[in-house]
Every structure is written in structure tokens, then in C-alpha cells.
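Colleague: Could you take me through the charged pairs in this one, and then the pockets?
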Amino acid sequence: VECDEEIQDASPIFSDNCDELLDIVSNEITEDLDCGSTITRTWTATDDCGNEVSTSQTITVVDTTDPVLIGVPADVTAECDDVPAAATVTADDNCAENLEVFFAEGFEATDCGYILTRIWSTSDECGNTASATQIVTVVDTTAPVVVSSPADVTIECDQPEPTDVAIFSDNCDDELTLETISSINMLDCGYE
């Protein structure tokens, strides 16, 4: 039987050629194994004249069922500033309690983002195992935003041109590539 199955009671039936009310004595011995146990049940029937006979039953208790991981999240696509934290995953087992769950994660760069692979695994004392994976695809689909922009100014032609630049921020990239495009529009007296 599996370790979480109920072990049925058993009572052998004896008969005797002379005695209808036999004296029946039962005994049960449990022996632990590396993985599971054996239960040996022995019954001895004795008649009034001291004649006896015995019979036995051996029950082997095993664990061949894999644990189950609970709380593994589904695969998800997320912006780089909104990557979900790794879930707390637990394990349930038909025989063992408080199984340890191991966690590992790895990164793989993509053209614009990365793939985060999260793996949870566990095993019981009998070598039954379980593992589960979550794939988090991290993307950047949000454009940078303008933090500040130089104000329009009017200067005399002999004054130096302002060197102020716009400041941008991005939810994913700390090192933005800044490109400045200038154009001149000639006026009747000056330019812009």
C-alpha cells in the first residue's frame, strides 16, 4: 500500500475438527525500512487440547507518489520596471511533511529585454521528485519621457547660443542615447 492509504483490518478464519471456540492471539510487528516499512501480522489459534496453528500477513508500505508543488505562477510578460517577485512555492506530499523547496533562476538577454527562467524543485526521502518552471518575458514597450526641456529664448546675434539640453528618463534604460537635431530658419533680420 501507499503510505497514505488506509490499512484494512484483517481477521483470518480458523476451524478445528473438535473445538468450536478456539483461543486466537494476534501480534503485529512494524519494521522501518529506508523508504517505507513492513508490517507483519501473525495470528495463532489454539484448541482446548493445546494444538495450535499460525498464519501471517505481510503489508509493505511504500511511497511511489511524487510531491506536488503549490503556488507556481503562470508564465508572464512584464515591463522591465514591473517584474513580479519570485513566488513562495510550497510542496505537498502524501507521506512526508515540510518538504524543502529549492529555487533557482537564470537570465537570457534578448534584443530588447531579457527572459527570466525561474525553477522550483523538491524531493522526498524516497527519491520522488517534482519541479516546475515559470518563464518571465521582460520587455520594454514604454517610450522615454521628457523630464525637462530648455525654454525658448531670444538672444542678440553676438551672444553665445545656449547649451542647455533636454533631460529624459526611461523606465528601463539608465543610459539613453541622446540625439540633437538642429535646423536654421532664416528670418528678415536674424534666424531661429
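This is a predicted model: local features need pLDDT of at least 70, side-chain atom pairs count only at pLDDT 80 or more; totals for chains, interfaces and linings use all residues.

Colleague: How many salt bridges turn up in the whole structure?

Modeller: A search of the whole structure gives 2 salt bridges, and one of them joins the side chains of Arg41 and Glu28, with 3.1 Å from N to O. Arg41 belongs to strand S2 (residues 36–46) and Glu28 to strand S1 (residues 23–33), so this pair ties together parts that are 13 residues apart in sequence.

Colleague: And is Arg41 buried or exposed?

Modeller: Arg41 counts as buried, because its relative accessibility of 9% falls under the 20% cut-off, whereas Glu28 is partly exposed at a relative accessible area of 47%.

Colleague: Which residue does Glu105 meet in a salt bridge?

Modeller: The side chain of Glu105 meets that of Arg118, at 3.2 Å from N to O. Glu105 sits in strand S7 (residues 102–110) and Arg118 in strand S8 (residues 113–123), so here too the pair ties together parts that are 13 residues apart in sequence. Arg118 is buried, with 4% relative accessibility, while Glu105 is partly exposed, with a relative accessible area of 40%.

Colleague: Switching to pockets, how much space lies in the largest one?

Modeller: The largest pocket holds about 960 Å³ of space, and its lining consists of 25 residues, with Val153, Ile155, Glu161, Pro162 and Glu192 lying nearest the centre.

Colleague: What is that lining like by class?

Modeller: The lining of the largest pocket comprises 12 nonpolar, 8 polar and 5 charged residues.

Key
Residues are numbered from 1 along each chain as its sequence is written. Side-chain values use heavy atoms; hydrogens and water are left out. A salt bridge is a side-chain nitrogen of Lys or Arg within 4 Å of a carboxyl oxygen of Asp or Glu. Helices (H or I, at least four residues) and strands (E, at least two) are DSSP runs, numbered from the N terminus. Buried means under 20% relative accessible area, exposed over 50%, partly exposed in between (1.4 Å probe, protein chains only). On a 1 Å grid over the protein atoms alone, a cavity is a set of points where a 1.4 Å probe fits but cannot get out, and a pocket is an open set with protein on both sides within 12 Å along at least five of seven lines; lining residues have an atom within 4 Å of a point. Grid points are joined across faces, edges and corners, and a volume is the space filled by probe spheres set on the points. Ala, Val, Leu, Ile, Met, Phe, Trp, Tyr, Cys and Pro count as nonpolar, Asp, Glu, Lys and Arg as charged, and the others, Gly among them, as polar.
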